[in-house]
Amino acid sequence: MTDRAFWIRNNPIPVEVISYVDQGVRDKLPPGTQIEGISPHGVSYWSRTAMIEATDEEGNPTPFFIKVNKFELGKDMVSSEYFAMTLLHSVAPEMSAEPLAWGAYTETADTYFLLARFHEFSDDIPDQQSFPKLVAEFHQRGASKTGEFGFPITMYGGRNPQTFPLCKSWEQCFSKGLEKIFDMEEQTHGPDEEMRRLREGLMTKVIPRLLRPLETEGRTLTPTLVHGNLWDGNASVDVTTGHPMFYDSTPLYAHNEYELGPWWPRRHRMSRGYIQEYRKYLKPSQPIQDFDDRVALYALRFDLHASSLYPGNLRHRHL
């Protein structure tokens, strides 16, 4: 991945948007909130993030987290994230911050924000013994009420859209979503003959071979809500409670094993040991012998989207 410092220096959102608390933000805070200050907090390549120091009407500390973006793309990013956070928090409130609002600045044009309860996170990742069990429980609670795979709105991974259309078939949903990610990756890096052959082989041979058996010969899948981007950069531990939490999601209703894709690459700190632990609580779908290959396929989607984000950096094409 491109050097982190490069992206921080080249963040397209001006730092001035988190130098004050705009009236549009103040209007969304709970009644009686007294603002004491705002300071940068966390790191984002695509937005500006900060902590708003505040007290409630009884004088108790009640800090808030704010993420700020600009222009029409920024509006789409914060509004879709608010929708996603609201849904995730309804299913897994113990693992996700409570979203409060999204809206527009009144003092700075074309500037949009997401507001949530603040959590101080440690530098640690959730441990291998407890986190996979919590993720499995989250999956068991998150069955789709409509029986459809996909997601009703476009989400954003970084600045790039992620669309998985609503479908009755997981094979169809995943295929259509992956096609769009291939398109984005090509827009970022340009056409490549090897990538073209990879794409054709995946769509015509690999996906039918690995995903079609999940829903044929009497087998069925239950679409379940997944975080969608659950690598170690998007999960941590709440300093106050010691409880694992996740953030920066790109959710959809999916085959639950889709969530394990980011745990497949050995370069990640949350890796295959987490997969093995997860399997203790949710057994692999049938056919079991295809499990590793399915998770590797889902990991490829994760890497392909990552490649689409970094112009001039072909690392993910060669993983």
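Is Ser47 buried or exposed? Ser47 is buried, because its relative accessible area is 4%, below the 20% cut-off for burial. The model shown in these views is predicted.

**View 1. Ser47 in its loop.** Ser47 sits in the loop that joins strand 1 (34-40) to strand 2 (48-55).

**View 2. The polar contact between Ser47 and Asn69.** The side chains of Ser47 and Asn69 form a polar contact at 2.7 Å.

**View 3. Residues in contact with Ser47.** With neighbours within four places in sequence set aside, Ser47 is in contact with Asn11, Ile13, Lys67, Val68 and Asn69. Of these, Asn69 is also the partner of Ser47 in the side-chain polar contact.

**View 4. The protein chain around the site.** Eight helices and 11 strands make up the secondary structure elements of the protein chain. The C-alpha trace spans about 60 × 40 × 35 Å along its principal axes. The radius of gyration is 20 Å, which agrees with the value near 20 Å for a compact globule of 319 residues. Among contacts between residues at least 6 apart in sequence, 68% join residues at least 24 apart.

**View 5. Surface and charge of the protein chain.** The accessible surface is about 14,800 Å², and carbon and sulfur atoms account for 50% of it. The protein chain carries 34 positive and 43 negative side chains. The centres of these two sets are 7 Å apart.

Technical notes: Residues are numbered from 1 along each chain as its sequence is written. This is a predicted model: local features need pLDDT of at least 70, side-chain atom pairs count only at pLDDT 80 or more; totals for chains, interfaces and linings use all residues. Side-chain values use heavy atoms; hydrogens and water are left out. Helices (H or I, at least four residues) and strands (E, at least two) are DSSP runs, numbered from the N terminus. Buried means under 20% relative accessible area, exposed over 50%, partly exposed in between (1.4 Å probe, protein chains only). A polar contact is a pair of N or O atoms within 3.5 Å; within protein, one must be able to donate a hydrogen and the other to accept it, and residues adjacent in sequence count only if both atoms are side-chain atoms. Contact means heavy atoms within 4.5 Å. The radius of gyration is taken over C-alpha atoms; the globule rule is 2.2 Å times the number of residues to the power 0.38. Accessible areas come from the Shrake-Rupley method with a 1.4 Å probe; for residues, only the protein chains shown count as cover. Lys and Arg count as positive and Asp and Glu as negative; His and the chain ends are not counted. The place of a charge is taken as NZ of Lys, CZ of Arg, CG of Asp or CD of Glu.
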